[in-house]
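Biologist: Please take a close look at one part of this model, the interface between the two chains. Which residues and contacts make it up?

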Amino acid sequence: MTLTTLSNKSFGKLFQWAFKRNKTIIIVFSILMLLGITGVLYMLFELHAREYNGDLSGTISSLSVSALSVAQFGALAFTFLSAIRTFSFLHNKRSVDMFGALPATRETLFLSHLLGGMTAVAVPYTGGSLIVALLTMSAPGALGTGLLMILFGLIGIAAAYTFTAMVAYCCGTSADVVIITLTANVSFAGIVLVLYSMMASMIPGITMHSLWHTPLIALLSPYAFTFLADKYYFSSETASFIFILVWIVLFAVLMFAAGLRAAKKHKAECAQGEVIVKWMPVTVKSCGSVVCGGLIGIGAATAGVSGSGNMGSFVFWYLIVSFIAFIILHFIFSRGFKSKFIPSLIAYGCTTAVVIGLSFLMTTGMGIDTYVPDPASVSSVAMGNDEFKDPDNIKTVTEIHQVITEGIRKENTYPYYFGSDQGYNTYYNEENEYNSFQKQYPLLSSGFLSNSFVYNKAFGFTTERDYSFMYYPYNKSFDSERIELLLQKLVNSDEYKKNRNEVLWNKELRSRVTPDSPPTLVRTVYLPEPYAEGAQNDYRIDLPSDEAFLNGLYDAIAEDILADKEYYKCLTDYGDEEVDEFGMDTKLMVEISLRPKDQNNFMDYYSLNTRIPTRYTHTLSYLHSHQILTDGTTGYIS
Amino acid sequence: MLEIKNITKKFGDNVPLDNLSFSIPTGSVFGLIGSNGSGKSTLLRIISGVYQSDGGTVEIDGMPTFENPVVKEQCFFISDFPYFYNDSTVENLASLYRDLYSSWDQEKYIALSEMFPINTKDKIMHMSKGMQRQAALILALAANPKYILLDEIFDGLDPVVRQLIKKLLMGMVAENGTTVIISSHNLRELEDVCDHIGLIHRGGVIMEKELDEAKLGIHRLQVVFREEPEEETLSQMNVVNIRRQGKMMTLTVKGNAEEIEKAVSALEPVYMEMLPLTLEEVFISEMEAVGYDINNIIK
């Protein structure tokens, strides 16, 4: 039926009509795109003219991405304006007479206006963006990325346009279309934000950070889809990226089908002001109220404005603020209080009940605080910047996580309070306690491995927890001894050793990097207390930079590190110091800063920064054989 | 033949059309008259396919009009306030209608454009109310439809243009067998062009017949009696309205003219004269019969 409609003559004529109706938008958008292209051209000319000696490709690539992002923003802004304008004929009794009497079906009217309006936005957007992508194609990968961004923009336009068209068929006035489109785009995201904020404010380990990794927040915000696709594409969040792409297409199809149905069932007389689909403004009012109440409620409870920051104080503030917000929103929507106040109030009451119910569930009843993923279900886990894929290491990480969750439950009130430190008052904060803690648990106290956990699971799902807010690790609630032992086990693993010192094992990397400055052998001498409190002296010697020497050195260190059963001692002050002839503590270190060959940019640095204890016999003999070390084990020629 | 079968239309609790039925013969000029809010415009919108009825159907030659482009192509509707975009001109609207109406007559369009005092390249929104109606009429007549639906078309037009429009419409009826349906409160103008009238009130049809037949079915008599007959005697004659001016009585009576004359003569009047009724008087009389008269409104 729809395909037949597309081929009939009235569709073609009405399509042209709708396209021409957008000529102001086409002209303005085209002018802005041309100005943007001129700006890009000027910047490219500047970059070449002043013989930019930084990363030219990277800069051009960034320029391309920035320009295309601005074009996407423009396209979505014009999508909004165009959709409102194109479908405004539905909201004027006289234009309804004109279009309704034309020899065309409602389906034809819907399709022709939708596609005509969308084309009016898509043509200047695609044309301008393609020119930008071609202008910046000299940067490797920029053209491909540019084309993908244009595609994201186009499907974003389709989703946003179909959504606004569907809303237009459900509303009696263009003002309602504007209000509902804007509020619908933010209200669902707002509810997710409220619930997530609540979890982040109350549940140990949950942070707002992980919210931005989930497409859930923008599930019903078609005007944000494009930017979300960009974000996931550039941050290589594959699962979220695929999900959002599929969702955008699905959403556009759903909105198209809903719009088509609304067009067929639409009561033309509703141009007189009645809103057909009553649930839409009612829902938006409810959601808007909930978001206002929720955010203020969380803020008030967290700041301890009333009560002790428990759920009760949240609910108190939530109810007051959300009801005021509801009254204001209802007044705005209904231009007074008479229209549909009771149904709206009922909807608000139901939404409030659901949100409060969910709040209780999420913060007390779902075991989110104690949840630790099953190691078997985890493909990799990141603790801060360190990633582990080895099953044994994944298991160790989950055990560390488990110890933390047990510590939280053991010492703290349940359900939790709002605010970051409520209920966590047992820290190693006295000076003597603090020093003793550091000495006893050097790995833990040095924060050597981060206190954030990101588990990657099947189908791209992730679980994130972050315990930094609880003053981890200086929190007496945790079994620090057990964590220290698990950390030792973790850093002693081959995987950790290899990841930490990548250049030692990755031959391909070795061929691509070169020392940024002369490699250095350092001997750090810690003077005993009576001589200088906490002072240290460094003795440095430059090492040869030639590849043959360095490769030999890398191999020797690699062999020693891999064989080292107490590698963790190389990372912290575990009393693994050497004692020199004067009885002073010393450490021997190799420090090499590496950068990619033939590149002058200041990014992509690698480093090899490792201690060489006496048990590293291969390294020490190598240094001896090259006459860098002379006496005993740790002395060197100066 | 345009058939309106049991049409019902509701706007919430308001029911402007309630089970309304009548038919309009092909090639006629049908005057749709009625009180304010009686549902005339709503009926025209249902016929032209703008509104969907809540019950019943409108059929042209046996085919429903709603969502039927083939049938809608035979109709052209000009609403009481024709709509134009800010940048609409007669020319660009003609380009739209030209492709949508296969019956579009370009020569006729050119001829009409020259006939009406309108520059087809001017923006219609900048024109006066009357000029806007003329613009809409140029497009409607050039589309050459089988059915032209006109809502309050005579509003804002000067007498000369009104005459011109009536002439053009009559010409289309004569030459092409076009059916014209005009809804208007200007009964004087309707009287000139209509051969059929339909009177609707509160969603129902009060009268639907040929204009002459309508006029023949109701009569006005001026009579002077030596002694005024009793009310009961007059009520036996289906008197719709009585007005008194001294001894002179003006009676509006429904029925056959000869029978009425005979009945009044039997009362031995001193003076009696049968007067012709205008459409407006027919309208008022019919509406008074259903209780819609000025006395009822004032009280």
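Modeller: Contact here means heavy atoms within 4.5 Å. By that rule, 28 residues from chain A and 30 residues from chain B take part. The model is predicted, so local features need pLDDT of at least 70 and side-chain atom pairs count only at pLDDT 80 or more, while totals for chains, interfaces and linings use all residues. Residues are numbered from 1 along each chain as its sequence is written, chains are lettered from A in the order in which they are written, and side-chain values use heavy atoms, with hydrogens and water left out.

About 2700 Å² is buried between chain A and chain B, and carbon and sulfur atoms give 58% of that area; buried area is the accessible area (1.4 Å probe) that two parts lose on being put together, summed over both. A:Lys13, A:Arg94 and A:Pro103 supply 23% of what chain A buries against chain B, more than any other three residues.

Four salt bridges cross the interface, each a side-chain nitrogen of Lys or Arg within 4 Å of a carboxyl oxygen of Asp or Glu. One of them joins the side chains of A:Arg21 and B:Asp87, at 3.3 Å from N to O.

On the chain A side, helices H2 (9–21), H5 (93–100) and H6 (106–135) each supply at least two residues that touch chain B; helices are DSSP runs (H or I, at least four residues), numbered from the N terminus. H5(A) gives the most, with eight residues.
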